[in-house]
Amino acid sequence: MFVLGVDPGLSRCGYGAVEGGPKPRAVAAGVLTTPPGDPLPDRLAALDLEIRALLAELRPDAVAVERLFFQTNARTAMSVGQASGLVLAAAVQAGAEVAQYTPNEVKQAVAGYGAAPKEQVQRMVQSLLGLAEKPRPADAADALALALCHLASAPLARRIALVPGGRR
């Protein structure tokens with residue numbers, strides 16, 4: 001399975017693509033940015049174009065997106081929600097399976113502890129993917145962690161979704 005993880009944000013949208021298998025392999029990672037001074041509709045349109053181009057280039061089987069779980073800053077929560085909505089819609093339109101995970105679910109899957117600090121998650125992503133250095137920036141590392149979380153969680157989720165007789 002080939003998974004694109006996305007840590008949504010309007011100013012900084014992290015992405016990380018991981019090819020599954022006995023030894024997962026990072027294929028791409030980075031951050032999409034929009035200029036904070038531009039009007040909101042222009043920023044959303046620019047992010048939408050970049051997300052769609054990324055999906056067309058990478059053609060992932062699945063897209064794992066961080067679910068907005070709790071946010072004290074309403075303005076940040078709204079912009080993350082808008083960016084997340086763009087990613088979810090574009091992924092479905094690209095024909096990818098879509099999954100959402102909370103930060104705690106990602107930390108549990110990658111580091112074995114739902115309250116693991118960012119540093120520990122970055123080290124585990126580095127270890128699991130056999131990277132020479134910790135992935136940077138943090139948005140890209142979080143996106144790689146989302147992809148790894150999906151690779152770990154998807155097989156069980158599929159089994160649970162099957163009804164007796166092996167049919168959905």
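How many of the five residues of β4 are buried?

1. **Basis.** This is a predicted model, where local features need pLDDT of at least 70, side-chain atom pairs count only at pLDDT 80 or more, and totals for chains, interfaces and linings use all residues. Residues are numbered from 1 along each chain as its sequence is written, and side-chain values use heavy atoms, with hydrogens and water left out.

2. **Overall layout.** The protein chain has five helices and five strands. Both are DSSP runs numbered from the N terminus: helices are H or I with at least four residues, strands are E with at least two. Starting at the N terminus, the order is β-β-β-α-β-α-β-α-α-α. The chain holds 168 residues, and 42% of them are buried. Buried means under 20% relative accessible area, exposed means over 50%, and partly exposed lies in between (1.4 Å probe, protein chains only).

3. **Strand β4.** Four of the five residues of β4 (62–66) are buried. The strand is therefore largely enclosed by the rest of the structure. It has strand partners on record here: β1 (residues 2–7) runs parallel to β4 and is joined to it by four bridges. Val-6 stands opposite Val-65 in β4. Strand β5 (residues 97–101) also pairs with β4 in the parallel sense, over five bridges. There, Val-63 faces Val-98 in β5. Two strands count as paired if DSSP finds at least two bridges between them.

4. **Helix α2.** This helix covers residues 74–93. Its 20 residues should span 28 Å at 1.5 Å a residue, and the end C-alpha atoms are 28 Å apart, so the two agree. The expected span is 1.5 Å times one less than the number of residues. Buried residues of α2 include Ala-83, Leu-86, Val-87 and Ala-90. An α-helix has 3.6 residues a turn, so residues three or four places apart point the same way. The buried residues of α2 pack against β1, α1, β4 and β5. Just after α2, Gly-95 has a positive phi of about 85°.

5. **Arg-59.** Look at the loop between α1 (40–58) and β4, where Arg-59 is found. Arg-59 is not a glycine, yet its phi is positive, about 50°. Its relative accessibility is 66%, so Arg-59 counts as exposed.

6. **A cis bond.** Arg-136 and Pro-137 are joined by a cis peptide bond, with omega about -5°. Pro-137 sits in the loop between α4 (118–129) and α5 (138–161).

Key:
Contact = heavy atoms within 4.5 Å.
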